[in-house]
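Let's take a walk through this protein model, one piece at a time. Have the sequence and the 3D view ready.

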Amino acid sequence: MIEKDYLKKFYLCDNMVLLTVVKSTDIVNKSAKLHNLTPTTMAVLGRVLTMSAISASKLKNEGSSVSAVVMGDGPCGRVVSVARFGGFVKGHIDNPSVDLMPKKLNKLDVSGAVGKGKLRVISDYGFGNPYVGEVDLVTGEIAEDFTSYYAISLQQPCAIALGVLVGVNAKCESAGGLLIEVMPYATEDDVKLLEEIVAGLSDISRILKECTIDDFVKKYFNRLNPIEYETMHPKFKCDCSKARMKKVVESLGEKEVDEIIAEFGKVEVCCDFCGAKRSFDKSELKFSKSKNND
């Protein structure tokens, strides 16, 4: 029986530290099949989607979302993920066919595929204008880049580990990660112990393949008195719809739509996240007067 993805949250150190651990193998395999990913791009997009699942677990309001855009100069191009309330995540990568030689045994070249650039995070909590934070990519390995975002944009000390284990059949055998958030009143001893623990979790996907989240937390964090307080089941799910795509087409304006229809006979839109295609003819569309007059 294949284990479904799930996420658990724990208090550590008398509630002074928050620990979130996620298994995301199913999410990564669904995205790999959908986008025809190589081992390299599976590792890249899989790490971003794993972080997206953690971000989704922090959303508390219907309609809230967190989008992450990795904008590197490497061959894989731009990587985008969206986390939505309810634990739903989706993502895509510009160049899914990129496949680089491993840097060393069992180490896919994620940083080489990503390159140097920026990480942008857009947090929309439904209270007005979204918060946009942007930082330089630190390593292109994804986990360190999100750690930098937390420290610089959110002023939140944390540790992040993300991993995707790809088997010989080019299928994800295990994916997962963790986020440790340190509250202001955590002691220096607590922080030192956490640093020692995290140093031993560099191969997080392989570690999580061999055990449940509960066993993992017991093995590595039991000295910090973990108390579980929440469980979720994140899923890869796209929320695109014909109505939403119709609005995108209408935003082009009547003149441009007429030109497309004249050349191709219809307007076809494809969702980057799930690959769904929808077609429209002129009778289905409505255009604002201001856009028509441009």
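## A strand under cover

Strand 2 is mostly covered, with seven of its seven residues buried. Here, buried means under 20% relative accessible area, exposed means over 50%, and partly exposed is in between, using a 1.4 Å probe and protein chains only. Strands (E, at least two residues) and helices (H or I, at least four) are DSSP runs, numbered from the N terminus.

In a regular strand the side chains alternate between the two faces of the sheet. In strand 2 both faces are covered: Val17, Leu19, Val21 and Lys23 are buried on one side, and Leu18, Thr20 and Val22 are buried on the other.

A quick note on the ground rules: this is a predicted model, where local features need pLDDT of at least 70, side-chain atom pairs count only at pLDDT 80 or more, and totals for chains, interfaces and linings use all residues. Residues are numbered from 1 along each chain as its sequence is written, and side-chain values use heavy atoms, leaving out hydrogens and water.

## The sheet around it

Which strands make up the sheet, and in what order? Five strands form an open, antiparallel sheet, in the order 8-9-2-1-10. Strand 8 (158–166) and strand 10 (227–232) are at the edges with a single partner strand each, so one side of each has no neighbour in the sheet. From one strand to the next, the twist averages 15 degrees. Two strands count as paired if DSSP finds at least two bridges between them.

Strand 1 (residues 6–12) pairs with strand 2 (residues 17–23) in the antiparallel sense over seven bridges. Lysine 8 has valine 21 of strand 2 as its bridge partner, while tyrosine 11 has leucine 18. The hairpin of these two strands has four residues between them, and cysteine 13 there takes a positive phi near 55 degrees. Strand 2 also pairs with strand 9, again antiparallel and over seven bridges, and leucine 19 stands opposite isoleucine 180 in strand 9.

## Helices lying across the strands

Helix 1 lies across strand 2, strand 8 and strand 9 (172–182), at about 125 degrees to strand 9. Helix 7 (residues 213–221) lies across strand 1, strand 2, strand 9 and strand 10, at about 30 degrees to strand 1. Axes are lines fitted to C-alpha atoms, for helices over the stretch in contact, and angles run from 0 to 180 degrees between N-to-C directions.

Helix 1 (residues 25–35) also packs against helix 2 (residues 39–56), at an angle of about 135 degrees with the axes 9 Å apart. The contact (heavy atoms within 4.5 Å) involves Ile27, Val28, Ser31, Ala32 and His35 of helix 1 and Met42, Leu45, Gly46, Leu49, Thr50 and Ala53 of helix 2.

Is isoleucine 160 buried or exposed? This residue of strand 8 is buried, with a relative accessible area of 10%. Leaving aside neighbours within four places in sequence, isoleucine 160 touches Met51, Ala143, Phe146, Thr147, Tyr150, Leu178 and Leu179.

Next, look for histidine 92 in strand 5 (residues 88–93). Histidine 92 counts as buried, because its relative accessibility is 7%. Beyond neighbours within four places in sequence, its contacts include His35 and Leu45.

Finally, valine 191 sits in helix 5 (residues 188–199) and is partly exposed at 28% relative accessible area. Valine 191 and valine 17 are 174 residues apart in sequence, and their C-alpha atoms are 9.1 Å apart in space.
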